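Work through the exercises below with the sequence and the 3D structure open. Each task is followed by a solution in steps.

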Amino acid sequence: MINFTKKPLLNNDLPKEISKFITDELTNYIVIKDGHVLIKNLSESYEDVEIKMAEYSKDRLVYKQYGNLFETEDEALKYNYEETNSGLLIHVPKGFAVKDPLHVFYVQENEDLVNNTFIILETSSELNYFEYLYNMNPCHINFVSNSILKQNSKLNYTGISKLTAKAVATVNRNSYIKRYANAEYNVAEINDATIDSNTTIKLLEEYAVGTTKTVAITSLEQEARFTQLVEHKAPDTEGYIDNYGVSNNNSILVFEGIGKINKNMKRSIARQSNKGIVLGINSRLDANPLLLIDEFDVIASHGAAIGKMDDEQLYYLMSRGLTLKNAERLIISGFLSPVLKKLSTDELKEDFVLTVENKTL
Amino acid sequence: MSILTIKNLHAEVEGKEILKGVDLVIKGGETHAIMGPNGTGKSTLASVVMGHPKYTVTKGEVLLDGKNVLEMAVDERARAGLFLGMQHPAEVPGVTNSDFIKTAMNARLEEGKSISLFKFIKEFDDAVDALKMNEDLPHRYLNEGFSGGEKKRNEILQMKMLKPKIAILDEIDSGLDVDALKVVGENVTAMKNDNLGLLLITHYQRLLEYIKADFIHVMMKGKIVKSGNMDLMERIDTEGYDWIKEELGIEDERVIVEEEEERVLLGVCATKEALDL
């Protein structure tokens, strides 16, 4: 059960950092500021999808039904469930595949933001979800999204968090995947904020597949930690973790990837790769690719390659006439491709690429 | 018409001299081939002319139309009209072939200008077609997961698109089967014109059946020891290199002696060690 307390809305204004995305090209979007829906623009493809503010659904059956999901020892999660002041419930009915992506912009202006978004995909349904996190003022941000994927459903989850240096943030994205269901998380962490971000995928039943790809760029005095946990709780499950990081200036970036295969979860596949570029003399980038395996009959691999920009790649690109600056830019943009190719409008792509360029100058 | 002049070029890697005085002049419209056994410095010459950071030039000069190439950065050399089809091109994940070539073509234009998208796509498609490559090539990541043959063809594709004045093809034939070699050979031959100077580096004669060379050079001990025409190639084809070594009194033609790599010990996983598990 989660406790929802609505906080007052200061005004209906949107910062230009968000309003610039609202173009004719953008379809199916919701803008939420401080827990209040400012704009909701959905096409008929979302007619049958239940999308509600968390406040309306706090007593609803769905939350009772998944009550055990909200039992946790994690302090940040506990706080989130007790103090929620923003969030959405997105419920895709059985057999219903929505191809057009749903864009949700979460904006903070007044005090702390405690967001809880809950995505439920019924059997054989499909959803493309996109989220954008942004803060206007100094605050703490506690952002949680939980997704439940029932049999044979598919979730494409794309996220950009662009929190400013004024925020201190904890982000938890959790996914619970059942038989034959498939979740793919592509998240770009292009914050200036100090952040602790976690993606947790639990593969609950056979043939469940979970993928998490994280692109993270840190700069200036930023400290950021990204933990990806994929837990295999059934045999014949597949989990993939891919991390791409760039650390600049005096920042510290840590990737903690964990593939966990429990006992008897035979024929499971756990793969993990970390790639990182350290740009500044004082930058730091750590990757700890862990495999915790309690079963013999599995396929597993993990690796990390961290270093400065590859000389051979630079030489190759420059030998075709690209300047050093352009060659570096192209190599970094290559890191961003898992998220970049998921973005639906030119404004979103441009914002993403420019933010990364500024952070990697 | 461009002229590439290499004069008494000496270069070293990690303090070891590999090029020991190379002299060569390549004019637009000419095709030169450098042959020779492994480890004689052929590929080093190509890399030094392009400006690979690993090598240091200790003596001599390289001029392109009178301009000092050795003072230019790698990208300036490329924009001046030099091209190197590499033996082992790097893989760049996440960067698509078409993005890369487009960026490279735009780099040759004045600032603020860019090539027309329509013209680019047409040219690219034609080149992919001519080289009998897969249609999905533009969207694939640069060289990532390419077979040896695909990498070589991709180098020729870039050459087609970038239209250099002087092109060096470093062992473009190694790793190619007969059919692929024919395709590559035909495409390179089709590119020949009075404004293109070509330098082929190879140790197989096979390539020269598809790309006719005007001059054949043999490299040993880090310099060109013998030059001639196709007759020289035919003699090498039938007799090998021993007669040249005898003629010149060379015992060991190599400058690069491959050291046997130290065996890697499979031990504890690095992560485990780092975390003290």
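Helices (H or I, at least four residues) and strands (E, at least two) are DSSP runs, numbered from the N terminus. Two strands pair if DSSP finds at least two bridges between them. The model is predicted, so local features need pLDDT of at least 70 and side-chain atom pairs pLDDT 80 or more, while totals for chains, interfaces and linings use all residues. Residues are numbered from 1 along each chain as its sequence is written, chains are lettered from A and ligands numbered from 1 in the order in which they are written, and side-chain values use heavy atoms, without hydrogens and water.

**Exercise 1.** Describe the hairpin of β1(B) and β2(B).

Solution. Step 1: β1 (residues 3–13) of chain B pairs with β2(B) in the antiparallel sense, over 9 bridges. Step 2: B:Val13 has B:Lys16 as its bridge partner in β2(B), and B:Ala11 has B:Leu19. Step 3: 2 residues lie between the strands, and B:Glu14 takes a positive phi near 45 degrees.

**Exercise 2.** Which strands of chain A stand at the edges of its sheet?

Solution. Step 1: 10 strands form an open sheet in the order β2-β1-β5-β7-β9-β11-β13-β15-β17-β19 (chain A), and the pairing is mixed. Step 2: β2 (36–41) and β19 (299–307) of chain A each have a single partner strand, so one side of each lacks a neighbour in the sheet. Step 3: from one strand to the next the twist averages 10 degrees. Step 4: within the sheet, β13 (residues 209–218) and β15 (residues 238–247) of chain A pair in the parallel sense over 10 bridges; A:Val215 has A:Tyr244 as its bridge partner in β15(A).

**Exercise 3.** How many residues does the contact take from chain B and from chain A?

Solution. Step 1: chain B gives 34 residues and chain A gives 20 residues. Step 2: the rule finds 1 salt bridge across the interface of chain B and chain A, where a salt bridge is a side-chain nitrogen of Lys or Arg within 4 Å of a carboxyl oxygen of Asp or Glu. Step 3: the side chains of B:Glu155 and A:Arg320 meet in a salt bridge at 2.5 Å, N to O.

Note on methods: Contact means heavy atoms within 4.5 Å. Axes are lines fitted to C-alpha atoms, for helices over the stretch in contact, and angles run from 0 to 180 degrees between N-to-C directions.
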